[in-house]
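Subject: Structure handover

Hi,

Here is the structure I promised to pass on. My notes follow it, grouped by region.

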Amino acid sequence: MTDLREVAVHLPPRRVAIASLQDELGLTDPQLRAFERFFGLSHIRREPGGTGFDLMLAAAGKLSELRGQEDRVRYVIQARSIPVATAYPRSDVHEVRRALGLGRAEAFTIVHQACASGLLAVDLAGRLLAAEGDPDALALILAGEKTYTTMVRTVPGAAVNGEGAAALLVGTGGGHDRVLGYATRTYGRFNSGLALTDALNADFQQVYPNAVAEVLIAAVDRAGISLDDVALVLPHNVNRVSWVRVCRLIGFPLERVLLDNVPETGHCFCADSFINFRTAQELGRLQPGDRYVMAAVGIGGFFSAMVFEH
Amino acid sequence: MDDLRSWLTQRVASYLGKDPSEISPSVSLAAYGLDSVYAFAVCGDIEDHFDLSIDPTVAWDCETIDALADHVSTLVEQR
């Protein structure tokens with residue numbers, strides 16, 4: 001059974017108010033006001049001058065359980081939203097693998113489900129490790145990206161994107177957070193992502209809460225539990241109001257969705273749920289035996305949820 | 001109610017860059033191209049103008065000016 005051995009997070013220390021980015025992001029006054037007032041957005045983190053390599057290595061470097069276990073790591077998987085971030089032949093994930101001394105690991109990147117690729121990476125890591133048949137084998141998952149270009153600094157009408165990274169050490173036994181269930185659903189008609197027509201965008205807005213609800217319910221069903229058994233949802237940090245809408249639809253208490261990071265980090269691509277996991281640990285929001293759900297939505301119509309037991 | 005509807009029409013028209021006479025209160029705001037962020041901006045205007053707190057999901061639940069006017073009218077009466 002797939003489990004998390006450790007999750008580490010790096011958030012750049014520089015806090016940037018989204019109000020100071022109004023011109024850069026092309027936000028009108030009403031848009032900025034709506035973002036701050038209803039979406040719960042306030043600040044993001046940025047690391048000017050830092051690279052994607054720096055971001056991921058800073059997170060992975062905090063994995064205390066990795067030290068001395070480097071030879072057990074078989075896979076280094078980078079979960080990305082933005083397909084291309086470095087010029088060939090450079091590869092951040094291969095450079096991180098080398099820097100960490102993970103000489104026995106195969107390194108690759110997945111982008112197939114945009115910001116939902118982080119949960120896909122956990123599922124994939126578990127499957128690959130299970131196929132190895134070695135209970136001591138580990139996988140390292142890296143998530144979190146630079147916001148190099150203006151285009152990737154917002155999800156229009158939904159979010160402001162920040163920089164932050166997470167590193168996960170995944171195994172198949174002996175970890176403290178076991179995967180109990182995973183559900184993912186792709187709505188192919190939204191595959192044009194940021195280039196949706198007005199009609200498709202309106203369709204997406206209507207489908208969104210139902211699609212999130214569908215994967216939440218499917219994931220807890222596969223875990224053999226119900227939503228009532230879920231102690232905490234670790235969401236993506238796109239905005240607050242979308243979770244208000246989902247919670248109302250499924251009758252789930254909003255206070256059991258950890259939204260603390262929405263005003264602090266904004267949306268950090270594939271890393272949100274993992275960043276929120278660390279925050280939940282730090283705040284004492286997860287007790288032994290708690291069942292919790294990580295949820296993510298990837299641009300292009302990807303909806304995913306994964307249930308864990310702490 | 002007519003005053004409320006007229007005020008809402010003016011707010012929506014201002015965000016769309018249209019003349020209020022071009023906006024029908026019974027037509028979906030999305031049909032005019034008012035995206036969800038500007039629907040939230042209208043919610044903010046309502047809160048400021050009427051000094052009340054509005055549930056943000058109204059931006060999705062009330063699809064027309066008529067529906068918004070009914071909702072706001074109820075909130076004002078309940079105050």
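Gly33(B) sits in the loop between H1 and H2 of chain B. The model is predicted, so please read everything below as computed from it. Gly33(B) has 13 C-beta neighbours inside 10 Å, and therefore counts as partly exposed; the buried class would need 20 or more. Two residues touch Gly33(B) once those up to four places away in sequence are left out: Asp198(A) and Leu16(B). Leu16(B) is 17 residues away along the chain, yet the two C-alpha atoms are separated by 7.6 Å.

The chain contact

Where do the two chains meet? The contact takes 14 residues from chain B and 14 residues from chain A. On the chain B side, helix H2 (residues 36–50) gives the most, with seven residues. By class, the chain B side has nine nonpolar residues, four polar and one charged.

H2(B) also packs on a helix of the other chain. Its partner is helix H2 (residues 29–37) of chain A. The axes are 8 Å apart and the angle is about 80°. That angle falls in the 65 to 115 range, so H2(A) and H2(B) are roughly perpendicular to each other. From H2(A), the residues in contact are Pro30(A), Gln31(A), Arg33(A), Ala34(A) and Arg37(A). From H2(B), they are Val37(B), Tyr38(B), Phe40(B), Ala41(B) and Gly44(B). The residues of this contact split into six nonpolar, two polar and two charged.

Inside chain B

A helix pair within chain B is also worth a look. Helix H1 (residues 2–16) and helix H4 (residues 65–78) of chain B have axes that come within 9 Å. They cross at roughly 125°, which makes H1(B) oblique to H4(B). The crossing is right-handed. H1(B) brings Leu4(B), Arg5(B), Leu8(B), Thr9(B) and Val12(B) to the contact. H4(B) brings Ile65(B), Leu68(B), Ala69(B), Val72(B) and Ser73(B). Seven of the contact residues are nonpolar, two polar and one charged.

Domains of chain A

Chain A is assigned two domains: domain 1 (3–171) and domain 2 (177–309). Their C-alpha centres lie 17 Å apart. In the contact between them, 42 residues of domain 1 meet 37 residues of domain 2. On the domain 1 side, the elements that give two or more residues are strand S1 (3–10), strand S3 (43–46), helix H5 (117–132), strand S8 (159–160) and strand S9 (165–171) of chain A. H5(A) has the largest share, seven residues. By class, this side of domain 1 has 24 nonpolar, twelve polar and six charged residues.

Asn239(A)

Asn239(A) lies in the loop between strand S11 (230–234) and helix H7 (241–250) of chain A. Is Asn239(A) buried or exposed? Asn239(A) is buried, because 26 other C-beta atoms lie within 10 Å. Leaving out residues up to four places away in sequence, Asn239(A) touches Phe39(A), Gly40(A), Leu41(A), Ala158(A), Ala159(A) and Val262(A). Ala139(A) gives a contrasting pair: 100 residues from Asn239(A) in sequence and 30 Å in space, C-alpha to C-alpha.

Backbone points to check

Most residues other than glycine have a negative phi, and most peptide bonds are trans.

- Tyr88(A) and Pro89(A) are joined by a cis peptide bond, with omega about 10°. Pro89(A) is in the loop between strand S4 (73–79) and helix H4 (92–99) of chain A.
- Ala114(A) is not a glycine, but has a positive phi of about 45°. The residue lies in the loop between strand S5 (106–110) and H5 of chain A. With 23 other C-beta atoms within 10 Å, Ala114(A) is buried.
- Phe269(A), also not a glycine, has a positive phi near 45°. Phe269(A) is in the loop between helix H8 (262–265) and helix H9 (272–283) of chain A. Which burial class does Phe269(A) fall in? There are 28 C-beta neighbours inside 10 Å, so Phe269(A) counts as buried.

Best wishes

Key:
Residues numbered from 1 in each chain as written. Chains lettered and ligands numbered in written order. Predicted model: local features only at pLDDT ≥ 70, side-chain atom pairs only at ≥ 80, totals over all residues. Axes fitted to C-alpha atoms, helices over the stretch in contact; angles between N-to-C directions. Helix = DSSP H or I, 4+ residues; strand = E, 2+ residues; numbered from the N terminus. Parallel < 35°, antiparallel > 145°, perpendicular 65-115°, else oblique. Left-handed = near helix turned anticlockwise from the far one by under 90°. Contact = placed C-beta atoms within 7 Å. Nonpolar A, V, L, I, M, F, W, Y, C, P; charged D, E, K, R; others polar. Domains from an automatic or database assignment. Buried ≥ 20, exposed ≤ 12 C-beta atoms within 10 Å, placed from the backbone.
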